[in-house]
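The following report describes a single protein chain. Please consult the sequence and the coordinates alongside the text.

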Amino acid sequence: MKVAFGDWKKKVRKHFVPFVSGGGGEVRRFFARWLSAARGARPGSGVSMEPHSPEDAAAAAADADAVESVTRDLRDQSLEDKGRKKGLKLEDLSWDHSFVRELPGDPRTDTFPREVLHACYTKVSPSAEVENPQLVAWSDLVAEALDLDPEEFQRSDFPLLFSGAALLVGALPYAQCYGGHQFGMWAGQLGDGRAITLGEIVNSRSERWELQLKGAGKTPYSRFADGLAVLRSSIREFLCSEAMHSLGIPTTRALCLVTTGKLVTRDMFMMGQDFNFLDSHTSGNPKDEPGAIVCRVAQSFLRFGSYQLHASRGKEDLGIVRALADYAIRYHFPHIENMSRSESLSFSTGNDDQTVVDLTSNKYAAWAVDIAERTASLIARWQGVGFTHGVLNTDNMSILGLTIDYGPFGFLDAFDPSYTPNTTDLPGRRYCFANQPDIGLWNIAQFVSTLSAAELINDKEANYAMEKYGTKFMDEYQGIMTRKLGLPKYNKQLISKLLNNMAVDKVDYTNFFRALANIKADLSIPEDELLIPLKAVLLDIGKERKEAWISWVKIYIQELVNSEVSDEERRAHMNSLNPKYVLRNYLCQSAIDSAELGDFGEVRRLLKLMQRPYDEQPGMEKYARLPPAWAYRPGKLALLVDVMPNEDEIGKNH
């Protein structure tokens, strides 16, 4: 019997933690007996356990290392478990319902599609049909943020509770009402068409977290859609939420993902050379897919569109804009509520008239500036890791500066500034990678226009917020790119030339910056050896392009020499900023393919992998590879987005 250490090591961990509390000897004896039996020797049978050949000796040494590894890992795990404060049961979570308590709601609670007036939400309950739901994946890190005991994931009723089939004790579910601009056009009322918020959890650190079930059934904002979600899009949202957090990028989170046990009909139709899935009210080819629900978690799901809708309805609802602003400042921007004139937050607008904006005299102006800067910082970080959101409508813009609503997102593979993962955006590429900073500013302009309409800020304050967006973005982006290259200061010409070279040769964005850390600050390296560290990422380049890259590397090395930082120190710093692993679309698709066959192992592996994106993680190198050939087939990766009809196709998928 041949034993694969990696296979049994995972199987035994959870069963033998008790051994460790009394010391490692019992663990060692157990595994020594187990390994011996696995190799054909029965303890106590009189068969010699000593190695009889070099091969046996090597195997015995490997066995000893394996036993020691498991002993050490289990002891460490036991110590971690003992040191960790036990979390709460679901029934003991501390609920608060400030949004429902303090803001106007819809007097009706039915889900009939309609325009909801003078209200910020409608109380509705999850209604998705469920049959033997299963837990696909979960995040212990999110559970920790909620003070939830990770053992709660093992409860037999957990899938029922997080599919909405049974309501959590203390929950008060509702769907939020909001509007938004989609692809630059005002779309009117949108709202949570298939996302139902359960309420707010306040943890032991006084942090407020909203729990929301996406795909939980119809709401008044569903229009003619079914309010459901399918497994493939839910996997994408679950994994990317947690992957972005681990990359250090502000984002909504995901507590868990469950299947509903029911099939959901989506239609597939041709669009150019791509396939898209819509709900079953189109005239395409219907396909049944596994239904799923993801539990999203965020401090707040308020969006730019949450304010825009009420401002668009005239004077009667302008008071709601103010109430929503006061609510957000009170619970999510308390530093603004507590500002005083002694802080002297007065700034010149930079205009010829030298107008001064005093942020301490108007909390709404300070709030607008804060949101503008958070948004700028977020998009700068997207650009730094090569992330393209795909649908930057104003209803997909968080007032907290979080990445929200994962639809047709994509990380850059081959560097292409015009890349968009959104097939409906292909004609104009409004939301392509290079346009994201400008779209962020456009969206901020719509938001401050809303505040101006509600007479919360004046035109000069609105303009100042937009000015601060631009300043913040450039400061953040330049700093990010400087650190990605391991440089002591920003070099515009060097970075611009680099990005141009990458675009010309379609260089893989993630792998290039990881490889760049291997270049040494050594001016004596022969010219024909300069590109060796980049060999794996500079593929199929001709003589002319090779010369262009050599020229750039020479300048880069001179900058490194001038920095007087050791190669080892710089490499470690760059690798802590340039991820080895990002959630490429083809990785999602592979996990989806397996999950749709009932195997959730790849989803869980990807989650674990993406929680440490900057680490080498030996043995996982295949997940850093370029997309395989099948990923480039027309339509293959366009099948990943689950949207509702009567939208601008991928315009709304909340």
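## Salt bridges

The side chains of Glu-152 and Lys-89 meet in a salt bridge, with 3.9 Å from N to O; the term denotes a side-chain nitrogen of Lys or Arg within 4 Å of a carboxyl oxygen of Asp or Glu. This pair links distant parts of the chain, 63 residues apart: Glu-152 belongs to the loop between helix H6 (140–145) and helix H7 (158–161), and Lys-89 to the loop between helix H4 (54–83) and strand S1 (95–96). Helices (H or I, at least four residues) and strands (E, at least two) are DSSP runs, numbered from the N terminus. Glu-152 is buried, at a relative accessible area of 4%, whereas Lys-89 is partly exposed, at 48%. Here buried means under 20% relative accessible area, exposed means over 50%, and partly exposed lies in between (1.4 Å probe, protein chains only).

The model is predicted: local features need pLDDT of at least 70, side-chain atom pairs count only at pLDDT 80 or more, and totals for chains, interfaces and linings use all residues. Residues are numbered from 1 along each chain as its sequence is written, and side-chain values use heavy atoms, with hydrogens and water left out.

By the rule above, the count of salt bridges comes to 40. Side chains of opposite charge can pair when their charged atoms come close. Three of these salt bridges are listed here.

| Salt bridge | N to O distance |
|---|---|
| Glu-152 and Lys-89 | 3.9 Å |
| Asp-96 and Arg-101 | 2.7 Å |
| Lys-363 and Glu-337 | 3.4 Å |

Elsewhere, salt bridges with shared partners join Asp-96, Arg-101, Glu-102, Glu-200, Arg-208 and Arg-330 into one network.

Helix H16 (residues 509–516) is largely enclosed by the rest of the structure, because eight of its eight residues are buried. The buried residues are Tyr-509, Thr-510, Asn-511, Phe-512, Phe-513, Arg-514, Ala-515 and Leu-516. Their cover includes helix H12 (363–385), helix H14 (459–484), helix H15 (492–505), helix H17 (543–563) and helix H18 (567–575). At the start of H16, a side-chain oxygen of Asp-508 reaches to within 3.4 Å of the backbone nitrogen of Thr-510.

## Aromatic pairs

Tyr-509, Phe-512 and Phe-513 also take part in an aromatic cluster, together with Phe-415, Phe-433, Trp-549, Trp-552 and Tyr-556. Rings of Phe, Tyr and Trp (its six-membered ring) pair if their centres lie within 6.5 Å; planes under 30 degrees apart count as stacked, over 60 as edge-to-face and the rest as tilted. The count of aromatic pairs comes to 28. One of them joins Phe-387 and Phe-409, whose ring centres are 6.2 Å apart and whose planes lie at 25°, so the pair is stacked. Phe-387 lies in strand S14 (residues 387–388) and Phe-409 in the loop between S14 and strand S15 (410–411), so the pair ties together parts that are 22 residues apart in sequence. Phe-387 and Phe-409 are both buried.

## Cysteines

The count of disulfides, defined as pairs of cysteine sulfur atoms within 2.5 Å, comes to zero. For Cys-240, the closest cysteine sulfur is that of Cys-588, at 6.9 Å, too far for a bond. Cys-240 is buried, with a relative accessible area of 0%, and Cys-432 is buried, with a relative accessible area of 5%.

## Gln-589

Gln-589 lies in helix H19 (residues 585–595) and counts as buried at 6% relative accessibility. Gln-589 and Arg-232 are 357 residues apart in sequence, and their C-alpha atoms are 7.9 Å apart in space.

## Confidence

The chain averages a pLDDT of 85, and 79% of the residues score at least 70; pLDDT is the predictor's confidence in each residue, from 0 to 100. Over residues 1–52, pLDDT stays under 50, and the model has 54 contacts beyond four places in sequence for this stretch, a contact being heavy atoms within 4.5 Å. Residues 638–651 also stay under 50 in pLDDT, with 70 contacts beyond four places in sequence. Where pLDDT is low, the predicted coordinates should not be read in detail.

Conventions:
Polar contact = N/O pair within 3.5 Å; in protein donor to acceptor, adjacent residues only side chain to side chain.
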